[in-house]
Amino acid sequence: AEFDASLRLFRGAARGDATPANRLGQSSGLDGDPKAARIERELASGTYLIEVASYQDGQTGSFSLKVGRKQVEALPPIALTGGAKTETLPAGERAYSLLKLSDDSDVMINLASGAFAASLGLYRGTSVADTVFVDRNDDQFGGFVKDSRIVRTLRAGTYVIEVSAFGDKGAGSYVLEVSNS
């Protein structure tokens, strides 16, 4: 793009569908480049609205938009107790884990990384394409801290945990742990 790009993805086909309740993803700036943005998300069959805008008022210019398919693997599970795992997050990507709760539970999800500013998302559903937003955290203690934490009472069911770098900027190793709070 010739301007500081902002990209948002919504469920629906009309401009009126571009509401926070229908927003499925957003991005501005990618790997330190303010003129690039990317959203990667598994989507169910349906119609979606993609909004391309300038991050700052008054900027205009041309842009290119690419929409493609990516092979998606089954989500790896994580256990409620003793469910700590160490992984590596590639630059500009997101990682997902599946949490299954047989009973209502008080849950604490910790995401720690010394390599990037960690952002943690929690969704109810069985796949990335079919989820309902539950919670998000990108600063465990407020202010600038690289770790993230979500503490909630969750109903029995299946949840998708999303790990990303804040603003999709950063990469490296992280530890994701789920326990009773």
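View 1. Y123 is buried, at a relative accessible area of 11%, where buried stands for under 20% relative accessible area, exposed for over 50% and partly exposed for the range in between (1.4 Å probe, protein chains only). F133, by contrast, is exposed, with a relative accessible area of 51%. This is a predicted model, in which local features need pLDDT of at least 70 and side-chain atom pairs count only at pLDDT 80 or more, while totals for chains, interfaces and linings use all residues. Residues are numbered from 1 along each chain as its sequence is written, and side-chain values use heavy atoms, with hydrogens and water left out.

**View 2. Aromatic pairs in the structure.** Searching the whole structure turns up three aromatic pairs. Rings of Phe, Tyr and Trp (its six-membered ring) pair if their centres lie within 6.5 Å; planes under 30 degrees apart count as stacked, over 60 as edge-to-face and the rest as tilted. Y123 and F133 make another edge-to-face pair, with 5.9 Å between centres and 70 degrees between the planes. Since Y123 lies in strand β7 and F133 in strand β8 (residues 130-137), the pair ties together parts ten residues apart in sequence.

**View 3. The open sheet that holds β7 and β8.** Four strands line up in the order β5-β10-β7-β8, with antiparallel pairing; two strands pair if DSSP finds at least two bridges between them. At the edges are β5 (95-101) and β8, each pairing on one side only. Neighbouring strands of this sheet are turned by 25 degrees against each other on average, direction ignored, with axes fitted as lines to C-alpha atoms and angles running from 0 to 180 degrees between N-to-C directions. Seven bridges join β7 to the antiparallel strand β10 (residues 157-165), and A118 has A165 as its bridge partner in β10.

**View 4. The open sheet that holds β11.** Here four strands follow the order β4-β11-β6-β9, again with antiparallel pairing. β4 (85-89) and β9 (148-154) stand at the edges with a single partner strand each, so one side of each has no neighbour in the sheet. The twist from one strand to the next averages 20 degrees. Five bridges connect β4 with the antiparallel strand β11 (residues 172-180), where S173 is the bridge partner of T88.

Notes: Helix = DSSP H or I, 4+ residues; strand = E, 2+ residues; numbered from the N terminus.
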